[in-house]
Amino acid sequence: MSQAESIYDTCLAELRDKHGNIDPYLLMKIMYLERTASKTMALDQVGHLPEAPPMVEIEIKFKKGTDTRKIISDMQSRGVPAMLHNDEVYIKNTMTANDLCDLASEQNIEMIHGNATPASF
């Protein structure tokens, strides 16, 4: 294993330790996009994209017995598109790593996983 791979593995282990209910690859991708998306060249044009949080599509698994319908209602009342499927809540919205960590601090969340892409304009 190379030194770079060892550093990467250590970083993932720390993310799992501190944010155990968030997929560490999702969290790392959001942080990467937060730092690079505004500097990415679009359509071979030189220039910066506007500063904006990444677009995330996440699935949130809640503990059994959690009133997910109330959670959906609360999110939708704040303008966050959310839907319920079985025991998981699906959200598609722009979100920073801090936003995701704040969301994950809800005690009834077992796990958050999904994907992040640069926000579209």
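K61 stands opposite M111 in β4. That pair sits in a predicted model. The protein chain holds four helices and four strands. Along the sequence they follow the pattern α-α-β-α-β-β-α-β. Of the 121 residues in the protein chain, 32% are buried. Take contacts between residues at least 6 apart in sequence: 66% of them join residues at least 24 apart.

**The sheet**

- Four strands make an open sheet, in the order β2-β3-β1-β4. The pairing is antiparallel.
- β2 (82-85) and β4 stand at the edges. Each has a single partner strand, so one side of each is left without a neighbour in the sheet.
- On average, neighbouring strands of this sheet are turned by 20° against each other, direction ignored.

**Strand pairs**

- β1 and β4 run antiparallel and are joined by eight bridges. V56 stands opposite A116 in β4.
- β2 and β3 are joined by four bridges and run antiparallel. H85 stands opposite E88 in β3.
- β2 and β3 form a hairpin with two residues between them. N86 lies in the turn and has a positive phi of about 55°.

**The two faces of β1**

- In a regular strand the side chains alternate between the two faces of the sheet.
- β1 has a covered face made up of V56, I58, I60 and F62.
- Its uncovered face has M55, E57, E59 and K61.

**Helix against helix**

- α1 and α2 pack at an angle of about 110°, and their axes are 9 Å apart. That angle makes α1 roughly perpendicular to α2.
- From α1, the contact uses Y8, C11, L12, L15 and R16. From α2, it uses P24, Y25, L27, M28 and M31.
- By class, the contact of α1 with α2 has nine nonpolar residues, no polar ones and one charged.
- α2 and α4 pack at an angle of about 150°, with axes 9 Å apart. That makes α2 roughly antiparallel to α4.
- α2 brings L26, L27, I30, M31 and E34 to this contact. α4 brings A97, L100 and C101.
- The residues of the contact of α2 with α4 divide into seven nonpolar, no polar and one charged.

**The nonpolar core**

- The largest nonpolar core has 28 residues. Those with the most contacts inside it are I58, I60, M75, I91, L100, L103 and I112.
- Leaving aside its neighbours within four places in sequence, L100 is in contact with I22, L26, L27, I30, I58, M95 and I112.
- L100 also takes part in the contact between α2 and α4.

**T68, a residue of α3**

- Where is T68 placed? T68 is in helix α3.
- Is T68 buried or exposed? T68 is buried, because its relative accessible area is 11% and buried means under 20%.
- Which residues does T68 contact, leaving aside its neighbours within four places in sequence? T68 is in contact with F62, L84, D87 and V89.

Definitions and conventions: Residues are numbered from 1 along each chain as its sequence is written. This is a predicted model: local features need pLDDT of at least 70, side-chain atom pairs count only at pLDDT 80 or more; totals for chains, interfaces and linings use all residues. Side-chain values use heavy atoms; hydrogens and water are left out. A nonpolar core is a set of buried Ala, Val, Leu, Ile, Met, Phe, Trp, Tyr and Cys residues joined through side-chain atoms within 4.5 Å. Buried means under 20% relative accessible area, exposed over 50%, partly exposed in between (1.4 Å probe, protein chains only). Contact means heavy atoms within 4.5 Å. Axes are lines fitted to C-alpha atoms, for helices over the stretch in contact, and angles run from 0 to 180 degrees between N-to-C directions. Angles under 35 degrees count as roughly parallel, over 145 as roughly antiparallel, 65 to 115 as roughly perpendicular and the rest as oblique. Ala, Val, Leu, Ile, Met, Phe, Trp, Tyr, Cys and Pro count as nonpolar, Asp, Glu, Lys and Arg as charged, and the others, Gly among them, as polar. Two strands pair if DSSP finds at least two bridges between them.
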